[in-house]
Amino acid sequence: MAASYDILIIGGGGAGLTAALYASRAKLNTALFEKLVPGGQIALTDIVENYPGFPEGVTGGDISNRMAEQAKKYGTIFFYETVESIKKVGQLFEVKTNKLTHQAKSIIIASGAFYRQIGVPGEKELIGKGVSYCAVCDGAFFKGKEIVVIGGGDSAMQEGLFLTRFVTKLTVIHRRDKLRASAILQERAKTNPKIHFIWDSVITSIQGSGKVDGVRLKNVKTGEEQDLKTNGVFVFIGQDPATQFLKGVVQLDEKGYVVTKENLETSVPGIFACGEVRKGAVKQLVSACGEGCEAALAAQAYVENMN
Ligand SMILES: Cc1cc2nc3c(=O)[nH]c(=O)nc-3n(C[C@H](O)[C@H](O)[C@H](O)COP(=O)(O)OP(=O)(O)OC[C@H]3O[C@@H](n4cnc5c(N)ncnc54)[C@H](O)[C@@H]3O)c2cc1C
């Protein structure tokens with residue numbers, strides 16, 4: 001058994017790192033568990049232009065490192081371990097990772113979510129370099145450019161319509177010959193002069209060195225292949241919360257997101273959740289950080305009431 005903490009944070013994205021900053025700066029004994037690198041999703045992106053305080057923008061790597069440094073400065077202890085389960089033992093929580101079992105008075109879940117990828121060559125390499133999963137985050141980088149959108153559901157159409165504010169041409173690539181989106185969104189998309197459709201087709205690779213310059217398409221009915229020049233690929237085929245380890249621990253909604261009360265407490269007293277892992281969260285860095293602060297203050301109150 002490893003040491004015991006006042007607050008144990010699961011996930012080192014914007015939400016977890018902000019929770020860590022607030023908890024450790026309040027002189028609580030704080031540990032943060034991250035399975036990959038600090039920063040979470042934002043560490044993947046080239047440049048962030050909508051985080052306040054950086055008028056020139058800031059790279060995803062830079063803001064991730066700065067947030068981690070700030071939390072460490074006030075005493076947060078970082079562990080690079082994957083949390084596998086949580087259970088309550090007496091007044092404390094026992095958190096089992098792939099390496100050890102740790103104890104804490106209170107837990108903050110900040111394990112985030114991940115966008116579903118299409119899984120073709122070039123996709124991973126070009127994330128943040130023309131491949132995107134977020135219109136609000138990256139739309140403005142594509143002013144005057146041509147892009148493709150993958151997906152045929154409501155979110156693909158909604159995000160696609162938003163992207164027409166910036167781009168000159170948007171081509172929806174869809175594996176079927178009709179969309180799944182609601183009738184009203186379909187009509188808006190189909191009557192928008194900037195939006196074009198390529199039906200019955202999938203992307204088989206994304207091309208470009210350093211930035212996207214094209215995609216290879218395959219017609220799923222005829223098998224015919226073609227290259228299409230494009231500046232960007234926006235993928236909208238869904239998002240999954242990182243909550244496998246929480247099944248049967250706290251209440252999750254039908255998609256697996258953590259359900260919270262007003263103070264970000266989950267169905268289990270002493271366990272709080274913040275950021276994209278939470279049902280109803282806005283999927284932006286600044287809101288993840290805001291929720292991290294809120295969860296830390298609520299966890300602090302919980303711990304202080306225990307003593
Ligand atoms: C390519 C890209 C570009 C983006 N650009 C912008 C932008 O310009 N502006 C903006 O506001 N937002 C942007 N976003 C969205 C923004 O990154 C997210 O809203 C924000 O990162 C959410 O933070 P989070 O802390 O809730 O979750 P995440 O960032 O998802 O962090 C969760 C962390 O938890 C860790 N974790 C998960 N499970 C476990 C476990 N079991 N044990 C230990 N650790 C675990 C993960 O490894 C991850 O590091 C972008 C997202 C992407 C993918």
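**Figure 1. Glu 49, a partly exposed loop residue.** Glu 49 is partly exposed, with 13 other C-beta atoms within 10 Å. In this predicted model, Glu 49 is placed in the loop between strand S3 (47-48) and strand S4 (58-59). When residues up to four places away in sequence are not counted, Glu 49 touches Gly 57 and Ala 140. Between the C-alpha atoms of Glu 49 and Thr 59 the separation is 8.7 Å, and the two residues are ten residues apart along the chain.

**Figure 2. Val 212, a buried loop residue.** The loop between strand S14 (201-207) and strand S15 (214-219) holds Val 212. Around Val 212 there are 25 other C-beta atoms within 10 Å; a residue is buried if that number is 20 or more, and Val 212 is therefore buried. Leaving aside neighbours within four places in sequence, the contacts of Val 212 include Leu 126, Lys 129, Gly 130 and Val 131. Ile 206 is also in contact with Val 212, as are Thr 230, Asn 231, Gly 232 and Val 233. From C-alpha to C-alpha, Val 212 and Thr 230 are 7.1 Å apart in space, and they are 18 residues apart in sequence.

**Figure 3. The protein chain as a whole, given as the setting for the helix views.** The protein chain contains six helices and 19 strands. Its radius of gyration is 21 Å, close to the 19 Å that the globule rule gives for 307 residues, so the chain is as compact as a globular protein of that length. Along the principal axes, the C-alpha trace spans about 65 × 40 × 35 Å. Of the 307 residues in the protein chain, 44% are buried. Among contacts with a separation of 6 or more, 61% are between residues 24 or more positions apart.

**Figure 4. The packing of helix H1 against helix H6.** Helix H1 (residues 14-25) packs with helix H6 (residues 285-306) at an angle of about 40 degrees, and their axes are 7 Å apart. The two helices are therefore oblique to each other. Their crossing is right-handed. On the H1 side, the residues that meet H6 are Gly 14, Ala 15, Gly 16, Leu 17, Thr 18, Ala 19, Tyr 22 and Ala 23. On the H6 side, those that meet H1 include Leu 285, Ala 288, Cys 289, Glu 291, Gly 292 and Cys 293, and the others are Ala 295, Ala 296, Leu 297, Ala 299 and Gln 300. Sorted by class, this contact has 13 nonpolar, five polar and one charged residues.

**Figure 5. Tyr 22, a buried residue of helix H1.** Tyr 22 has its place in helix H1. Is Tyr 22 buried or exposed? Inside 10 Å, Tyr 22 has 22 C-beta neighbours and therefore counts as buried. With residues up to four places away in sequence not counted, Tyr 22 touches Cys 293, Ala 296 and Leu 297. Tyr 22 and Thr 76 are 54 residues apart along the chain, and their C-alpha atoms are separated by 9.7 Å.

**Figure 6. The packing of helix H1 against helix H2.** H1 and helix H2 (residues 60-73) have axes 8 Å apart and pack at an angle of about 25 degrees. Angles under 35 degrees count as roughly parallel, and H1 is therefore roughly parallel to H2. H1 passes H2 in a left-handed crossing. From H1, the contact is made by Gly 14, Leu 17, Ala 20, Leu 21 and Ser 24; from H2, by Met 67, Ala 68, Gln 70 and Ala 71. The classes represented in the contact of H1 with H2 are six nonpolar and three polar residues, with no charged residues.

**Figure 7. The packing of helix H4 against helix H5.** Helix H4 (residues 154-163) and helix H5 (residues 183-191) have axes that come within 10 Å and cross at roughly 40 degrees. H4 and H5 are therefore oblique to each other. The crossing of these two helices is left-handed. Asp 154, Met 157, Gln 158, Gly 160 and Leu 161 are the H4 residues that meet H5, where their partners are Leu 185, Gln 186, Arg 188 and Ala 189. By class, the contact of H4 with H5 comprises four nonpolar, three polar and two charged residues.

How values were computed
Residues numbered from 1 in each chain as written. Predicted model: local features only at pLDDT ≥ 70, side-chain atom pairs only at ≥ 80, totals over all residues. Helix = DSSP H or I, 4+ residues; strand = E, 2+ residues; numbered from the N terminus. Rg over C-alpha atoms; globule rule 2.2 N^0.38 Å. Buried ≥ 20, exposed ≤ 12 C-beta atoms within 10 Å, placed from the backbone. Contact = placed C-beta atoms within 7 Å. Axes fitted to C-alpha atoms, helices over the stretch in contact; angles between N-to-C directions. Parallel < 35°, antiparallel > 145°, perpendicular 65-115°, else oblique. Left-handed = near helix turned anticlockwise from the far one by under 90°. Nonpolar A, V, L, I, M, F, W, Y, C, P; charged D, E, K, R; others polar.
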